Amino acid sequence: MIGALQGLGLLAAAAGAGFFLAGTVGLIRFPDTTSRLHALTKADNLGLGLVVLGLLPFAGSLGAALKLLLVWGLVLLAGGTVAQMIAARVRGTEPGA
Amino acid sequence: MAGVGRFAAFLGLWLVLSGSDPAGLVVGLAAAALAARISLRLLPPAGGAVRPGAVLRLGLLLLRDSLAAGLDIARRALDPRLPIRPGLVPVPLRLSSGRDAFRLVASLQPGTLPVGMNAEGRLLVHALDTRLPVAAEAGRTEALVAAALGRDAPHG
């Protein structure tokens with residue numbers, strides 16, 4: 001038996017996986033590199049956030065929970081920064097970007 | 001003292017990563033001190049004290065916008081008609097310091113991704129849908145970032 005919190009956690013993690021899927025669909029369907037960056041950064045940010053939230057009830061200790069949150073924070077920082085660097089790099093190399 | 005605050009933040013980071021094992025703590029203290037020194041060199045404190053209340057509001061905005069941005073992307077990506085109209089929108093920036101913080105926040109907000117500066121000194125923001133009020137939204141975010149960093153609120 002799993003507790004109610006764990007059950008909610010599984011739901012959140014499943015929803016997070018759904019956003020990763022949607023982001024991947026965007027990556028394939030969006031027409032240019034910069035638009036694809038939107039799909040990656042936004043959907044993965046929320047997807048990972050939900051996965052981390054869902055894993056918190058399973059973390060077992062405060063330290064592990066903080067580590068999970070730290071992973072999310074670092075991915076936000078890296079994702080937001082790298083997306084801008086890639087966007088700056090492709091600027092002007094394709095129409096509409 | 002900016003250095004003390006940064007040292008505490010790096011030490012906190014170390015504790016989260018490595019736990020509070022006493023043997024490791026010696027290395028952690030040294031690493032945090034070194035990291036604080038280097039960060040002061042690379043990113044000198046730029047006046048103005050960080051305001052906790054505004055930081056909290058910015059954090060809540062970031063959470064809300066993360067949710068909105070993810071839902072927005074999922075909706076557009078999965079819609080058979082692919083309702084996007086990508087394009088660059090020039091946004092006048094009033095913030096002189098703390099621009100990197102603003103750009104990071106903006107890159108996580110729905111439908112916007114800062115790309116670089118244009119010749120007129122405006123921030124070029126790539127919008128997934130140029131029909132949305134990109135510049136107005138950026139202005140509000142900029143004011144909130146300025147408040148959080150304790151900068152003078154941009155006027156105009």
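**A strand enclosed in chain B**

Of the 5 residues in strand β3 of chain B, 4 are buried, so this strand is largely enclosed by the rest of the structure. Burial here rests on counting neighbours, because a residue is called buried if 20 or more other C-beta atoms lie within 10 Å of its own. The model is a predicted one, and its scores are ipTM 0.86 and pTM 0.86. For chain B the mean pLDDT is 88, with 96% of the residues of this chain reaching 70 or more.

What does β3(B), which covers residues 123-127, pair with? One partner is strand β2 of chain B, residues 112-117, and these two strands run in the antiparallel sense and are joined over 5 bridges. Another partner is strand β1 of chain B, residues 87-91, which also pairs with β3(B) in the antiparallel sense, again over 5 bridges.

Single residues let the reader trace these pairings in the structure.

Stepping back from the strands, the reader can look at chain B as a whole. The domain assignment divides chain B into domain 1, residues 2-42, and domain 2, residues 52-148. The C-alpha centres of domain 1 and domain 2 of chain B lie 32 Å apart.

The last part of the picture is the place where the two chains meet. How many residues of chain A are in contact with chain B? There are 33 such residues in chain A, and they are in contact with 25 residues of chain B. On the side of chain A that touches chain B, the elements giving two or more residues are the helices α1 (4-29), α2 (33-55) and α3 (62-90) of chain A. Among these, α2(A) gives the most to this side, with 12 residues.

Terms used:
Residues are numbered from 1 along each chain as its sequence is written. Chains are lettered from A and ligands numbered from 1 in the order in which they are written. This is a predicted model: local features need pLDDT of at least 70, side-chain atom pairs count only at pLDDT 80 or more; totals for chains, interfaces and linings use all residues. Two residues are in contact if their C-beta atoms, placed from the backbone, lie within 7 Å. Two strands pair if DSSP finds at least two bridges between them. pLDDT is the predictor's confidence in each residue, from 0 to 100. Domain bounds come from an automatic or database domain assignment. A residue is buried if 20 or more other C-beta atoms lie within 10 Å of its own, exposed if 12 or fewer, and partly exposed in between; C-beta atoms are placed from the backbone.
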